[in-house]
Amino acid sequence: SFVGTVIGSIFISNMNAQNRITDRNNIGWYAANATIKLDSKFSALVEYQWRRNNYISDWQQGLLRFGLNYQALPNLQLRAGYAWAETFPYGEIPINGMGKDFTEHRIYEAATITGKLSFIDLSHRFMLEQRWVGRYTNPSLTKEDEFTYHNRIRYMARLQAPLKGKSITDKTPYLVIYDEVMLGFGKNTGENVFDQNRIGIQLGYQFNKNFRLEGGYLNQIIQLGREIDGKNVYQKNNGFLISTSFTIDTSKGK
């Protein structure tokens, strides 16, 4: 989105290029999402993302997320849930300063507003996360002995447009473009007030109202929460994302 791109660009451009270290990685993300419709208002979400470095050969991160959705209005969905993530020491400069994998627990709240502009479907997602991130107080440890608390706010703008016809229905290919910016705040934020920015351009296909498949390009920029030799550290990760979305309707005995 224009807003997300501008915000991300402001934070990055304010850093002197000579006072920055960049670690580049080739990533591949593979995701499965299931929405279980409970009734006309409530649904449950189960999601797993298998995130890999060097496209597929090495671990980057595993993410499991659960949520409960409430359709407050036709164009407003509210969600609250829990997520578990395991991040691995990938790339030349691992996120964990000791080069170890670490666990993260999250509670999150989200609101998604949808709309339509001619044949284009628009959505704006606002998310607030409460994060407990594992850390090691001693390099000899094999398991995290502390979990530090962090706050993060996220905004994602997404548009999707059918590549045939004027709406996305059964057996319809479509184009997806999205941008998401993540900002940290609170006393444990450290260096990364600007935490991440993600841009995706994908092709999708809706087989029917219960199954979609999407795949395409993904760009991820991460700022690490520490400096090395007085320099800020950024990961610039490029690759692709392939995701499937299922809907299971259990309302009215379906």
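Buried means under 20% relative accessible area, exposed means over 50%, and partly exposed lies in between, with a 1.4 Å probe and protein chains only. Trp59 is partly exposed, with a relative accessible area of 31%.

This is a predicted model, in which local features need pLDDT of at least 70, side-chain atom pairs count only at pLDDT 80 or more, and totals for chains, interfaces and linings use all residues. Residues are numbered from 1 along each chain as its sequence is written, and side-chain values use heavy atoms, without hydrogens and water.

**Stop 1: the Trp pair**

Trp50 is partly exposed at 31% relative accessibility. Rings of Phe, Tyr and Trp (its six-membered ring) pair if their centres lie within 6.5 Å; planes under 30 degrees apart are stacked, over 60 edge-to-face, and the rest tilted. The centres of Trp50 and Trp59 are 6.2 Å apart and the planes stand at 85°, so this pair is edge-to-face. The structure holds 11 aromatic pairs.

**Stop 2: the Phe pair**

Select Phe211 and Phe246. Their ring centres are 5.0 Å apart and their planes meet at 25°, so the pair is stacked. Phe211 belongs to strand E10 (residues 211-228) and Phe246 to strand E11 (residues 231-249), so the pair ties together parts 35 residues apart in sequence. Strands here are DSSP runs (E, at least two residues), numbered from the N terminus. Phe211 is partly exposed at 23%, and Phe246 is partly exposed at 38%.

**Stop 3: the cores**

A nonpolar core is a set of buried Ala, Val, Leu, Ile, Met, Phe, Trp, Tyr and Cys residues joined through side-chain atoms within 4.5 Å. The largest has 10 residues, including Ile27, Trp29, Met156, Tyr178 and Leu241. Strands E1 (20-37) and E8 (172-185) are the elements that each give it two or more residues. Next, select Tyr155, Phe194, Ile221 and Tyr234. They are among the six residues of another core, apart from the largest one.

**Stop 4: charges over rings**

A charge sits over a ring if NZ of Lys or CZ of Arg is within 6 Å of the ring centre and within 35 degrees of the ring normal. Select Arg51: its charged end sits over the ring of Trp29, 3.9 Å from the centre. Then select Arg20, whose charged end sits over the ring of Tyr234, 5.3 Å from the centre.

**Last stop: Ile107**

Select Ile107 in strand E5 (residues 102-117). Ile107 is partly exposed, at 39% relative accessibility.

Terms used. Helices (H or I, at least four residues) and strands (E, at least two) are DSSP runs, numbered from the N terminus.
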